[in-house]
Structures are given as C-alpha cells and as structure tokens.
Amino acid sequence: MLVELGITLRRGGPSLWLALIALVASAGCAQGTAPSASVIRGSMPDTHSESAPDLLVVPATQVWSESGINVESGQTITFTARGEIVAGPGRSGSDVPVKIPPEGTYLWDDRAVDRMFPLPAAGSGPAPCYGLIGRIGEGEPFFIGRTRSMVAQESGALRLGVNDFDVSDNQGEFLVQIELGGAERPVLHEQVVDAHAATGTPAEDCSVVVFYVDGLRPDVVREMVGLGHLPNIRRLFLEHGSWLEHTFTGFPSDTITSNGTMWTGCFSDRHGIKGQVSFSRRRLDCDSFLDPFGPQRSAQWLSPSGADAVVRSSQAAAIGVMQGAEARDEWLQVRHSSVPPLFEILRRRGHDWAVGVLPVMTEVPPPLWSRSMARHMPYFQAQKAWEYMDDANADYAIRNLLSRRQPVTIIWLPETDTCSHKCSRGQFGMTRKTIARADELLAAVVEELRAQGRLEKTYLLLVSDHGHIGGRDTHLSNFDLASDFFFRPRVLNAQGEWSGGGLGMSVHMHRYANRHPEDGAKEFVFIDGESDGAARVYLPRRHYRSQEWMGAERPGDLLSYRVDANRDPVDLPRSIASIHAVNSDGQVDRPIDLVLLKANDTAVLVTTHDRGQAVIERQRAADGRWEYRYFTVSDVRPTESGGVTYRMDTNQQFDPLELTRSVSPSLLSEFHDERFWLELTYDCPYPDGVVTLARHMLWDEELEDCQHEHAPDLVVTARPGWFFSTSASPGTMHGYPLAESMRATWFVNGPHVRRGARITTPARLADLTPTILDMIGLWDEASQESQFDGRPVRELYRGPVEFVTATRPVYWPDVNLQAWQRLNYTPLDRSALLPRTINRPEALVDINNIAYGMVMIPDLSIFRLMDDAISPVSGGRQPMTAMADNVEAFLRKRPNPLVSQGAMVPDVPGVALADYSVTSQGNLQRMDRAIDWVQNAGSTIDQKLAAPLKRETLPLTRPLNRGVDVAQQGFWEVYRFGQRTAIKVVDELVLNGVEDGTGRMLNAMRPVPNEIQLPPE
Ligand SMILES: [Zn+2]
C-alpha cells in the first residue's frame, strides 16, 4: 500500500507521541532499548541547549508522527535517535526479518527499486531506505538518521517518520531526542593540510593494498558518511586517514585511459592508451579494451611479457622475414609504450603485483578467478555478471591474492561504475547500494590483513579512476552523434544545394557499421564514443572519398573538408560545435561542448559554438619538461599545405575553457610548467584542462608511429546534461573534461599517514604509481631508471616535527549534495537511422552470454550446488559454503606459515565440478600450491639444518628450488595462454562473425542514401 504523504496516522489516537523519559520506560518493549533517565541525559550533553531534551517515540507504522514541537526558521535542531524497526517482510535482500536502525539501510531488496518513498530512495534518489526522516510544516521531508544537527529552513510543526513506501506491515519504533537551540553539531572533524605543511616520509618495509572502486565520486563518499553510512570507510579513511581532495584523472576521463595513467605514472601521450577502443588506420579495424581480452591487450600494450612476449617476438620475426627489417621495427614500435608500468618495475626486482580482474592485467583469466565468480553469479546468467564482480574480486583477493604477499595488491571493484552507467541517477540513486556493499567487502579484506598480522605494515588506498556526471539534479540526454550527424543523409533543396541534414557518411564503430549503399569499403568515418562524454573521430585523409587513411596528417583539411565532389567543403570543428538536438525534456539544445583538433605537433585548437576558439601550445623547457600556454584565437584558417593559421586574440571576453573569468589573459598566454597549470586551474570548470587536453591530443616523440596509426582527427566532448550514445540511459556518464567527471577519489590510511586530514594540494592520478613506489621504498631507484610525469605525494605523511593543527568541524551542509528532489525521466527514442543489430548485451539470449555461461559451468562450486539443492529448507542460507569457508579461513589465519599456507593447498571451498577431471585447472593449481608448500617447508627445515654450518641454506637447495620455480611458472604461462587463445577464437571469430554477418544482412534490406533531394515547392 502506498500511503500518501502528509497524512498523519496513529495506532489509536489523533495526535502523536511525544513521551518524556519516564514514559519510555513503560514502552520498554522496544527491542531491549529501555533506557533509564540518567543514561539518556548522560549520553547527550545538553549544556548549549535552551530547552531540556525531549524523547519522542516514532512508531514504524506511521508515515508521520507529530512531535508537538514548533520550530522557528533559523533555529538549530539536533536529533539523536536509537531503536530499531522491522520494515515489512523481505525488505533488505533476504526473507529473514532484518532490524533497521535510525540511519536506515542502502542494502535494500530489489523489489523496492521503483517504490515511492517519502524522501526519494532506492532507484529514485539518494536517501537510505527505512531510516528516520523529518518534516517542518508542509515543507520537503529531510533525512535525520541516527544523529542530525541542522538549522531549520522554515517555521512550523515538526513531524517525524520512517522513510518507507508502505508502513502498514512494519514493527518497532525509533526513540528520538530533540534539542532546540544551541550550536550546530558537526558530522566529522578534519584538519586541513595545505602545501605549506611540513611533509614526512612513508614507513619502511610496508606493502600497499589498493581498493580501486571504479568511478566512485569522493563527494558521494563524504555525504554517505555524513548520513551515517559506510562505517568502515569512515573509520579507516575519514577518521584515521588522509583525503587528497583535489585529485584529477587525465582526459578523456575514461577507465582505460585512466588505468594507463594510474599504473604507469605517465600521461597518455607517453603510455599510448588513449581511449576505450583502439582504431587502426592501417587495418581499418579496431580492438576494444573493454571486451573480455581488453585487459590483457592493454597490459600487452604497456609491456608484453610471458608467453605473449614469445608470440610477439615470433610474430615480429615473421614480419621481418616477409616484409623486411623496417616493417618489423615499425610493427614492434607501434605496439609499445615508452614507459614501464608498475608491474614491470616490480618484476625487474623479483616481485610482482597481485591482481585479480583489472582493466590492465597480465593473466587472463587470472588463475582460479572464475571460481570466485562462480561462487556468486547465478547459473547461466552471464548478462548479469557485472552485478557479481565486486563480490568475486574481493573473494578472490582474500583467497588468492593476499597470500601471495606481494608489495602491491590491487582489488578492483567495478560495479560502482557499471551501476552508475545503467541505473537510475547513478551515485545519487541505485548505485549507493553498490557503494554500501563495497564498504563491507573492503572491511572483509582489511579483516583478513589484520588476521594475517600485516595490517600495521600496510598502506590502504581507496581510489577511483574518474568521477561521473549526472543524476544529481538532472538525468542525461543521449545524443547519437554517429546516426544523427555523421550518418544522417544530406538534405538538398529544390535547387540541388546542400541545405541541411547531416554529413551523409557511412559510420563504423566497435562491432557496428551503418553504411550508405553509395559508399566504397574505405569510405566511412570511425567513431569511438559509445555511452561516453567524449568521442574520437577518424576520417579518411584529405577528403571523404580519398581512399587514403595512412597518409600525412593535414589538419587544415578538416577546416575545409569535402564530403563529396559535388558539395562545398565544410569546417568540421565549427559544424560539429553548432549541432542542435532535442533533449529529453523536449527542449532544443546544443549537445556539443568542445571540438579538439591537433593544429600541429605543438598546438591544439579548441573550438566551441558560443565561447569562441582557443589554442593550447606546448614546448620543452630547458630541463626537458613540458611547458604550456593558452590564448584565445580568431581568424582560424587552413593553409595551402594543409596546416592551420590563427590570430592570437587576448581581448576576447569568452574563451572555450572559461579560464579568463578567474585568471588574467596575459598570465595564461605565458608558458608555465605542468605543476603551475594544475594549481592555476584545479578549481575551474575544466580542471587541469590545459595540460590534460594537450597531453591527449599531442603525442610523445617516441610514439610517433603509434600516432600515425592510432590518432583521431577530431575529439568531441558533450555538454553537461548530454552524453554520446545510440541508446538512452537513466544512469550517469564520464569521459568529459569537466570537473565532476575528472575528479577522482583518493584516500590513504597507513603508518605515518596524517589522521582526519583533508589535503588541499592538488594531485593527479599520474601521481599514484610514484606514491605507491614511494610507499614500498622503490621510488628513488625507479625514478632514476625512467622519467615519470607524476610525483610521490608526500603531504600525506606527518612531518618530523608536527605543529599541532587544530581540527576543524565539518557540518552537514558541508557534505550535503542537495540531490533530494525527485527527478522525472523520459528516455529519448533511438535514432530512426540506427542499423538493426543482434548484439544486445543486456539480453539473456545474446549469443555471447550463452557462450560465457557454458565456459563457466566447470567452475561452479560443488558446495554451492549442494547449498542450492538444500535451499528450500535452509531459507536461502549457504551452510555448506560457509562451513568450508570457515575452516579454510581458520587455518589460513594461523600464525605458523606452514599451517596457513598448507591450508591453501587443498583449496577446499574452491572444489568445483571440473575437479572431477584430474587435469582441471583447480587440480593443477592445487598441485602447484602443494609444490610451493613443500618447497617452503623444505627451506624452513633446510635453514634449521644449515644453521650449525653457519650457512643460510644447504649447498644444493637453492638451485633445486629455482629449477622447480621455473618449471612451475612456465607451466602456468602455457596453460593460461592456451585457455585464453581458445576463448579468444570463440569470442572474436565465431561469435562476432555471426553477429556482424546478421547485422549486415538486416541492413541490406533497408538502404539509406547519402543525400535526399527535397521536391520543388
Ligand atoms: Zn572507470
């Protein structure tokens, strides 16, 4: 039943309950919370209040309960609540009744997703479900939770209630103490650390565990903490750690480019990964870094190793034989970045990084990872795989990663990003459930570190790769740049002149082609930008019908680009910037923000529709580092030789990056280094924009061939409120150079790290690898071997002499993101010009998903099958899995390493169906662990034997162990390579081939021409 707001109901009376302390004792049946008067007074210092605290009973069965208190606008109200309610049956994910405290819960059951809560929650807003809420007069409801101190915005009668869509089946009550007047109470305390603070150094002999929560917004973390949630993140990172408030990723703010930056400490012009999809002008084909083998492709790009390196060098040799040494060198170079990634730096020193599934990873699939996935994922439901990734990755870390005791462990929790893209209002709606779950998973990993006795020597990092835009006060509208601008037929008027429509080009995207019948195979535009705030556009050189893709770059041609011999050339940047479209509110709007063009090897032209044009220029300073300047330009023209000229115009009132609003144009037009630009622009609409846009559009000299093959002609970004996609989404997006998308999360906890600190010095995700290397004591060495764009952040650590900085209170308005209003959503229809295709990843019938479901069968856990078999009597619990887990966890945590590692040998909880075959991966891995264990046990015994001889080991042990190690490693390399190659063939050749063929067939039945001639009037 949906109860209307504003109606006061009561179990037996018109006006509602306000009870003084004495009365509560008699109401003591409320879940054992019967207090005594002294307890309440003692726990609530009320020295500042003008009135004595009252205690109010708020029954869970009422929508609103009258408090009997009238508040005045401007008056401070402080609430303190306790008690528990049971909100209906099955409201929190299981059928076992769950007691809900006043702060409510984000772990709601899926059945609540579309329900109408008094304060928008679940799928429709940011509030927790079933918590304590309040309302003054007829004003908007507000969240209270366990404690809330606020200044009343209006006057009227105060009412309290439960944030539930149906109170009729609830039980229990909240007990609320209300104080009027006095000072507002803070939600947190923090010390603000700026660039002038003394800096310290990390502790020695430490390792690093990174919780990488994809797409997590730090402001959402702080607000959820302010609402009384994320208890583990609050304790570890907000109370006992430091927050790098102004941390920004590079442009585009997407997962793949950011991962390149995060794990190399360099910008994309040096690591070479510049987008989610890599288009080759040589092959006229693309690879996606987002498909199942993308992670390995990106790792290989950064540093080929293992069997892949062998294959690579044999491929190179083959090219050498067939096409000569020059072709071979070229082939090798275009696949190679100029900087070593973090794992390469560790491997050179005999270590490694321990990672499960990560956007950049070296072992695909990681050994036994699919076991962890199969423990959580429903059978044959690969299309839902993304909903179980966080659990699987945390499970895998606890079972398989931490025991490797590598200096760096990375645990990727991708669901926050996936859910933000797909689910209503992103992190201002459904995704908060995922974040609340991530807090629990993080705690489980930290608990394992504590049990292994390593927590004191571990740096914990909570980071994200980018933020998200949307969901806070609007839903986003999608603009189909491919169909509605590039593909849309040109419209000719009665005189045969081009008068409107689109460009009339055939369009290719990843696994997508939409073709006009008139166009030849090499006549198309390639677009990388699906569900993204930025799109990269590749065109044939010179003009659309040139048939030439690899020729010399001629940026000037794009300012006067001929799409057909019979039509006038167009200025592509200006044409794209001026696009109009109807948004989901039915308004005509402009979806395009910036159009970026590389004007020459040292300059980027930025074009907007209504803020003019500007140029970012860079040059090498005397020390070899880059410096940049920025100035607005006019009179932008192509030259005869394909170049671009412009006139510097410092008097212009508007500029594309909106920097002249806060910085003088003369300062902007002087050259400054990257650090200076970051500090100058971190608070601007395009934070770090000058550096990061240039770093994306320009390429390092060492990657020149790579640029030739992979650089786009134009990069286009969407305005706030828009994103590029063929289909609508109620979720949120990233990729933009805008602040909400560029701002990443970065919290740190560990030895010497400041506690409760907010560090205001701006940082970049390029600083992450240097900071990690600093924490494990390798920075000095590594920075001598290669030059990083980032630097270790040392403001994190307490200085040797720490002058006491007073902490500052953080009040609720400081963390309140004001997203409480309900939003309407009308998805836009798909473009009528879209091709028909059969690849629908969300559908169960998708052939990819069927295939992945089959691959997963051998890894289904035996214990889970048994649990599922008995689930009708066990009420959904998993006693078998739990029992196996507990036994293993108990053994794993024993202080004696021989016992703890021995526990991992049989891998009892991981026993899966495939293990009935002797050669299954599980059994092979188990044998492998047994060999490790014997070796370790052997060396312990060996050391004891060797001790009387004053030697570390007996003479023969070391070479013997090394031989065993090499054999083990070689075996796994070959095994994984074979497994991967098999899946690759299925995935890329068979499945995509079927889809592409079907798509082409469907399209051939409905041809759309390049041009449409309007009839004479
Ligand atoms: Zn991401």
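Predicted model: local features only at pLDDT ≥ 70, side-chain atom pairs only at ≥ 80, totals over all residues.

Student: What makes E23 and E25 a pair?

Tutor: Pairing requires at least two bridges. Two bridges join E23 (residues 507-509) to E25, and the strands run parallel, so they count as paired.

Student: How do you know that E25 pairs with E26?

Tutor: Three bridges join E25 to E26 (residues 534-538), here in antiparallel fashion. With at least two needed, the pairing therefore holds. Asp528 stands opposite Arg536 in E26. The two strands form a hairpin with five residues between them, and Ser531 in the turn has a positive phi of about 55 degrees.

Student: Why are both faces of E25 called covered?

Tutor: In a regular strand, side chains alternate between the two faces of the sheet. In E25 (residues 525-528), Val525 and Ile527 are on one side, Phe526 and Asp528 are on the other, and all are buried.

Student: What makes E3 and E7 edge strands?

Tutor: The open sheet has four strands in the order E3-E9-E6-E7, with antiparallel pairing. E3 (64-71) and E7 (142-143) each have a single partner strand, so one side of each is left without a neighbour in the sheet. Further in, five bridges join E6 (residues 132-136) to E9 (residues 156-162), and Leu132 stands opposite Val162 in E9.

Student: How do you know which side of helix H19 holds its buried residues?

Tutor: The buried residues of H19 (residues 674-681) are Glu674, Trp677, Leu678 and Thr681. They cover an arc of only 100 degrees around the axis, which puts them on the same side of H19. What covers them includes strand E32 (626-638), helix H18 (665-668) and helix H20 (689-697).

Student: What makes the peptide bond from Phe251 to Pro252 stand out?

Tutor: Most peptide bonds are trans. The one from Phe251 to Pro252 is cis, with omega near -5 degrees. Pro252 lies in the loop between strand E14 and helix H5 (255-264).

Student: What makes a space inside the protein a cavity?

Tutor: A probe fits there but cannot get out. The structure holds 12 cavities of 30 Å³ or more, and about 190 Å³ of space lies in the largest cavity.

Student: Which residues line the largest cavity?

Tutor: There are 21 of them, and Arg541, Glu553, Leu558, Pro712 and Asp713 lie nearest its centre. The largest share, three residues, comes from helix H16. The lining divides into 11 nonpolar, two polar and eight charged residues.

How values were computed: Residues numbered from 1 in each chain as written. Heavy atoms only, no water. Buried < 20%, exposed > 50% of the residue type's maximum accessible area, 1.4 Å probe, protein only. Arc of directions from axis to C-beta. Contact = heavy atoms within 4.5 Å. 1 Å grid on protein atoms, 1.4 Å probe; cavity = no way out; pocket = protein on both sides within 12 Å on 5 of 7 lines; lining within 4 Å. Points joined across faces, edges and corners; volume = space filled by probe spheres on them. Nonpolar A, V, L, I, M, F, W, Y, C, P; charged D, E, K, R; others polar.
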